[in-house]
Amino acid sequence: MNRKMIPWTLVLLALGAGAGWWVSRWSASPTSPAAPAERRVLYWYDPMVPGQRFDKPGKSPFMDMQLQPRYADEPEPGGPALQLDARTVQALGLRTVPVQRREVAAAVEVPGTLQLNERDVSLVQARSGGFVEKVHAHAPGEVIAAGAPLADLLLPDWLAAQREFLAVRALGDVALTDAARQRLPLLGMPAALIAEVERSGQVQARHTVVAPRTGLLAELMVRQGMTVSAGMSLARINGLDPLWFEVAVPELQAGAIALGQEAELRLAAYGAEVFKARVSAVLPEASRETRTLRLRLELPNPGLRLKAGLSGQARLQGTPRTALLLPSEAVVRSGRRAIVYAVDAPGRFHPVEVQLGAELGDELVITGGLEAGQSVVASATFLIDSEASLRGVLPVPAASEPAPVAQAVSHSALGRIEDLGAGELMLSHEAIPALRWPAMTMGFKLAEPRLAAGLTRGQTVRFSFVQRGDEPVITAIQPVAPAAAASRTGGRP
């Protein structure tokens, strides 16, 4: 090769290598990762007043806080849905469940105690005046059999009537004899005693009072040597078959109870053994303290095996029916309504007002607002509800069920005027404990424009205001001397 051509050859090689490098850079540039696009901000807003929009960031004129951006890819505040990104959903640990339609029997399980049957009570009384000669060996709390002797009485009135009857009978006058005999049962003499007097011809002044039935000797009011009068109670005997099992049913479950309904009892003293009972009474008044309704179940007690005072559990089975069911934790309940959060798409939810039925364990019956198969949020519901409240996506109550109008409560505080506007003031005020407000700077509406007459920036004032919806409205305001304000706040600025 000619030596003169060598330099030119080197130059051409260098130019070709450079051109190849630039071509490779140019061809590779379209496949390089693109820079992430910046999210477009539509406007800024105050989460406490989401309906007011601002075209630039800054401090809220309503509260002492920074305005928040509203991006183009987020739902409108106050709209029907709540949008959360995947990271927030994962951080909250959200869990969703489907609304299920199942057959339920509305079984009610409540604790209770065996008690004596107050309908099955016998009172033993003295039939005539007299004296107690002997009290047999019994004490209250014992079970006595029918016919067991309780006390021996000496009854002078019976003695006189029997002697008169025997004397008249000895005369042979049938009419007088019948009249004298009719007087004996009127004095309370048993038929067996009258027959014995007629048979033996001897007076029977002593009478043994016996138990009329088998049962618990609840009271024994007679003692040896005491005087008794006609109609005086000597003993009280309570029957032991059947017994009562008394329970208190929560008022939310009381609608499933009916008189005569069958029930199953399990008593702690008898393990898993099941006893059959029935509802014998539903008391007409619920407890105001516990919000429960008292029931009496009648339980047979053959052989007097069961004892009053034993505790146990009663199960009352309702009529089977189909119903929509949700876990109780999925429902956010307030004083007037119940809210659940239905899932529209991953990370997107909207609140639904539902009507609640009976509570079955840890589940609730839904009577309106949802359909079977819908997915709802079942965990972290209060966090979702708080976010929905801040963003203003909660449903407005139906017009047919207006919220009760409460009388506006007036609050009073000291504050300093930071700015004056048309129909409103910006105040730095002290803490307001009644509303749980800390000391802060915020805007207040004026009930009337004339209230701002004569006021200037930096002036210390005492003002009164009421809450009208979400806005505090000043109803009265007056300047305060600096010395009085300093003494009111303890010298703090």
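The structure is a predicted model. Leu326 lies in strand S21, which covers residues 321-327, and Trp437, Phe444, Phe463 and Phe465 form one aromatic cluster. Strand S13 (residues 215-220) pairs in the antiparallel sense with strand S15 (residues 233-238) and runs antiparallel to strand S10 (residues 143-144).

**Surroundings of Leu326**

- Leu326 has a relative accessible area of 0%, so this residue counts as buried.
- Leaving aside residues up to four places away in sequence, Leu326 touches Val97, Pro98 and Val99, together with Val340, Asp362, Glu363, Leu364, Ile366, Leu370 and Val376.
- Val376, one of these contacts, is 50 residues from Leu326 in sequence, and the two C-alpha atoms are 8.8 Å apart in space.

**Aromatic pairs**

- The model contains five aromatic pairs by the ring-centre criterion.
- Tyr270 and Phe275 form an edge-to-face pair, because their planes meet at 75 degrees, which is over the 60 degrees required; their ring centres are 5.7 Å apart.
- Tyr270 is partly exposed, at 22% relative accessibility, whereas Phe275 has a relative accessible area of 11% and is therefore buried, the cut-off being under 20%.
- Trp437 and Phe465 form a stacked pair, with 5.8 Å from centre to centre and 10 degrees between the planes.
- Trp437 and Phe465 are both buried.
- Phe444 and Phe463 belong to one aromatic cluster with Trp437 and Phe465.

**Strand pairing around S13**

- Strand S10 (residues 143-144) is joined to strand S13 by two bridges, and these strands run antiparallel.
- Within this pairing, Val143 stands opposite Leu216 of S13.
- Four bridges connect S13 with strand S15, again in the antiparallel sense.
- Leu217 stands opposite Ile237 of S15.

Terms used. Residues are numbered from 1 along each chain as its sequence is written. This is a predicted model: local features need pLDDT of at least 70, side-chain atom pairs count only at pLDDT 80 or more; totals for chains, interfaces and linings use all residues. Side-chain values use heavy atoms; hydrogens and water are left out. Buried means under 20% relative accessible area, exposed over 50%, partly exposed in between (1.4 Å probe, protein chains only). Contact means heavy atoms within 4.5 Å. Rings of Phe, Tyr and Trp (its six-membered ring) pair if their centres lie within 6.5 Å; planes under 30 degrees apart count as stacked, over 60 as edge-to-face and the rest as tilted. Two strands pair if DSSP finds at least two bridges between them.
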